[in-house]
Amino acid sequence: ILIIFHSFPYFKERKSSHLTNTIFLYAMQPQEHQHHQQPHHHQKPYHHAARSFLQKHLAELSEVKARRGEIHLEVADILNIIGLSHHHVSGDQDEALRFHKEALHVLKCCMDSSSEQNKKASILKIIAVTLTDVGNVYSKRGEYNKALASYEESLCIFQNFGDKQEASS
């Protein structure tokens with residue numbers, strides 16, 4: 001899974017890329033670190049470290065929203081990190097979908113409010129990656145038509161970037 005994330009330029013460029021990889025490191029902790037409380041009925045049990053990771057990023061999300069406002073790229077970045085953690089670690093696909101969709105909303109608002117073409121292009125790439133994440137969640141939930149629609153929208157964005165890069169060369 002880590003290889004997939006490293007293949008996207010988005011994760012190489014973003015300052016929080018190491019946080020995304022941390023999600024998977026927490027998932028690989030030895031079994032004796034598991035939290036011994038009963039999980040919610042819709043969640044798989046997950047490690048105490050993963051719970052700490054989520055709590056830390058939820059607190060960071062609140063702090064960043066207070067400092068930068070609800071609509072900011074840093075907010076979207078944290079929302080996606082939390083969504084990835086729910087998808088891959090806790091297995092809570094409802095929460096994963098909620099956080100990724102909120103990130104999409106923030107990203108689209110950021111793109112609409114930006115006047116710089118380069119910044120819009122960068123945001124659009126992040127939207128494409130987030131749409132892939134949404135597709136992965138739908139796939140895990142067995143909602144294959146919705147997954148396919150998300151993947152196709154993401155692919156369309158990436159293909160448009162390829163066309164534009166070739167035209168500018």
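Student: Which residues does Leu 79 touch, leaving out those up to four places away in sequence?
Tutor: Leaving out residues up to four places away in sequence, Leu 79 touches Leu 61, Phe 99, Glu 102, Ala 103 and Val 106, where a contact means heavy atoms within 4.5 Å. This is a predicted model, in which local features need pLDDT of at least 70 and side-chain atom pairs count only at pLDDT 80 or more, while totals for chains, interfaces and linings use all residues. Residues are numbered from 1 along each chain as its sequence is written, and side-chain values use heavy atoms, with hydrogens and water left out.

Student: Which residues touch the most other members of the largest nonpolar core?
Tutor: That core has 28 residues, of which Leu 61, Leu 79, Leu 107 and Ile 127 touch the most other members. A nonpolar core here is a set of buried Ala, Val, Leu, Ile, Met, Phe, Trp, Tyr and Cys residues joined through side-chain atoms within 4.5 Å, and buried means under 20% relative accessible area, with exposed over 50% and partly exposed in between (1.4 Å probe, protein chains only).

Student: And which helices supply at least two residues each?
Tutor: α4, α5, α6, α7 and α8 each do so for this core; helices (H or I, at least four residues) and strands (E, at least two) are DSSP runs numbered from the N terminus.

Student: How many helices and strands does the chain have?
Tutor: The protein chain has eight helices and zero strands, and buried residues make up 41% of its 169 residues.

Student: How many residues of α5 are buried?
Tutor: In α5, 17 of the 18 residues are buried, so the helix is mostly covered. After α5 comes Gly 91, whose phi is positive, near 75°.

Student: Moving on to α6, what caps its N-terminal end?
Tutor: Asp 92 does, with a side-chain oxygen 3.3 Å from the backbone nitrogen of Asp 94. A polar contact is a pair of N or O atoms within 3.5 Å; within protein, one must be able to donate a hydrogen and the other to accept it, and residues adjacent in sequence count only if both atoms are side-chain atoms.

Student: What span should α6 have?
Tutor: At 1.5 Å a residue, the 21 residues of α6 (residues 93-113) should span 30 Å, and its end C-alpha atoms are 30 Å apart, which agrees; the expected span is 1.5 Å times one less than the number of residues.

Student: What covers its buried residues?
Tutor: The cover over the buried residues of α6 includes α4, α5 (73-90) and α7 (117-140), and among those buried residues are His 100, Leu 107 and Cys 110.

Student: How many disulfides are there?
Tutor: The count comes to zero, taking a disulfide as a pair of cysteine sulfur atoms within 2.5 Å. For Cys 110, the nearest cysteine sulfur is that of Cys 109, 7.2 Å away. Cys 110 is buried at 8% relative accessibility, whereas Cys 156 is partly exposed at 38%.

Student: Is His 57 buried or exposed?
Tutor: His 57, which is found in helix α4 (residues 48-68), is buried because its relative accessibility is 0%. The side chain of His 57 reaches the backbone oxygen of Phe 53 at 2.9 Å.

Student: Last one, where is Ser 150, and what does it touch?
Tutor: Ser 150 lies in helix α8 (residues 144-168) and is buried, with a relative accessible area of 8%. Not counting residues up to four places away in sequence, Ser 150 touches Leu 131, Val 134, Gly 135 and Tyr 138. Ser 150 and Val 134 are 16 residues apart in sequence, and their C-alpha atoms are 6.6 Å apart in space.
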